[in-house]
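Here's a quick briefing to read with the viewer open.

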Number of protein chains: 2
Amino acid sequence: MALAHKGLEAETIPWRFTDTEAIAFSGQDKVPVLVDGDSEVHDSWAIAQYLEKKVPAQPLFEGAQARSLAFVLKTWVESTLHGPILRTVILDLFNALHEKDREYFRESREKRFGKPLEEVGGDPKKAAADLRTALLPVRQQLVQEPYVCGQDPGFADYILFGAFQWARAVSPQRLLEPDDPVYAWRERLLDLHGGLARNAKGYEVWS
Amino acid sequence: MALAHKGLEAETIPWRFTDTEAIAFSGQDKVPVLVDGDSEVHDSWAIAQYLEKKVPAQPLFEGAQARSLAFVLKTWVESTLHGPILRTVILDLFNALHEKDREYFRESREKRFGKPLEEVGGDPKKAAADLRTALLPVRQQLVQEPYVCGQDPGFADYILFGAFQWARAVSPQRLLEPDDPVYAWRERLLDLHGGLARNAKGYEVWS
């Protein structure tokens, strides 16, 4: 989304959890990884900073203060929303995995959560309710303006949307109710940049 | 803090919960209320917008995107941090109240929480731990930069700080541990604008 925001084209490479060799050049084992000529950048935040410096037009951040506040929001998304989203979709995610990723995923996640994969989610309705409660701060904003960043989308929109797009790639759970302003915002993000996100592989239950 | 940020002086008027007559002219019963000549503005957010428009120098918001993100942060402070802070200090607060405010405070809060004031707080250590966990997003930012808003303080710093200053006015609970980056940030806010906040009435346990 950040690349599209800046009008940049990129070749995307499908990747699985256990394809660590494919990104070993980045010195770590997590996606996203961006390769630009001889440069390699990994981590969503670092990639956004790299893009902003390299291609200042179509800014993702209005300026230094907006960047600091977007960083707070990014950390909030990771620490508060990823949990309930993962709990809601974890079994769908597991079932959508390629066979060769399943053992790795089950072992690493069961170690992280200290319980069988089947028990991580708990009550899926409870997880979805937790998610909707946690979303209050952005919901209040989205009642007033179309995007988290105001009249136009920016990094904070994309980092939050990424969590929903990730869920949609593996699970038909819609997570939000249609009368939720966050639902309407997600629809707008799906339509942005020529429907880039809506046209990506994923469940269509929201449309 | 917003007034001081802009170098504006104001007369402050001590006020109690049941002094609703004193602010009846504002058409509602909550503080803060700002009176500027013939204008009356209430609510922290509305006051910040009023000041920003009236006195554009020393901006509280870098621009429109920073304003939208600060609004999200403001709602997050109110919906996520006020609860655990109140639970930690509620009995100290009650004991610090003027006699004429106590009945109102007990009745209204017991109705809101559905339990006796003495049971609202629960385990104060648990409430303080909840607060510190919830603060993760700003803590991650404060590891990198001195203020929530970056190299310089802005509205987002003041609205978060206000919650701590409110607690400090009525309770000796320090809420944060000295090795927490949020503690160091709070010290910086106490020192800002000639020590405005540190010189206000309140407990001194943090110094």
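How many salt bridges does the structure hold over all chains? The total is 28, where a salt bridge is a side-chain nitrogen of Lys or Arg within 4 Å of a carboxyl oxygen of Asp or Glu. Bear in mind that this is a predicted model: local features need pLDDT of at least 70, side-chain atom pairs count only at pLDDT 80 or more, and totals for chains, interfaces and linings use all residues. As for bookkeeping, residues are numbered from 1 along each chain as its sequence is written, chains are lettered from A and ligands numbered from 1 in the order written, and side-chain values use heavy atoms, with hydrogens and water left out.

**Salt bridges**
- D19(A) forms a salt bridge with K100(A), with 2.9 Å between the closest N and O atoms.
- That pair ties together distant parts of the chain, 81 residues apart: D19(A) is in the loop between α1 (2–5) and β1 of chain A, while K100(A) is in helix α4 (residues 99–113) of chain A.
- Helices here are DSSP runs of H or I with at least four residues, strands are E runs of at least two, and both are numbered from the N terminus.

**The hairpin in chain A**
- Strands β1 (residues 33–36) and β2 (residues 39–42) of chain A pair in the antiparallel sense over four bridges; pairing takes at least two DSSP bridges between the strands.
- V33(A) sits opposite H42(A) in β2(A), and D36(A) has S39(A) as its bridge partner.
- Two residues lie between the strands, and G37(A) takes a positive phi near 60 degrees.

**Helix packing in chain A**
- Helices α6 (residues 124–134) and α7 (residues 136–144) of chain A pack at about 55 degrees, their axes 5 Å apart.
- That angle makes α6(A) oblique to α7(A), oblique being whatever is left after under 35 degrees (roughly parallel), over 145 (roughly antiparallel) and 65 to 115 (roughly perpendicular).
- On the α6(A) side R132(A), T133(A) and A134(A) meet L136(A), P137(A) and R139(A) in α7(A), contact meaning heavy atoms within 4.5 Å.

**Chain B against chain A**
- 28 residues of chain B are in contact with 28 residues of chain A.
- About 2200 Å² is buried between the two chains, with carbon and sulfur atoms giving 64%; buried area is the accessible area (1.4 Å probe) lost on being put together, summed over both parts.
- In chain B, E62(B), Q65(B) and L69(B) lose the most area to chain A, together 30% of what that side buries.
- The count of salt bridges between chain B and chain A is zero.

Methods
Axes fitted to C-alpha atoms, helices over the stretch in contact; angles between N-to-C directions.
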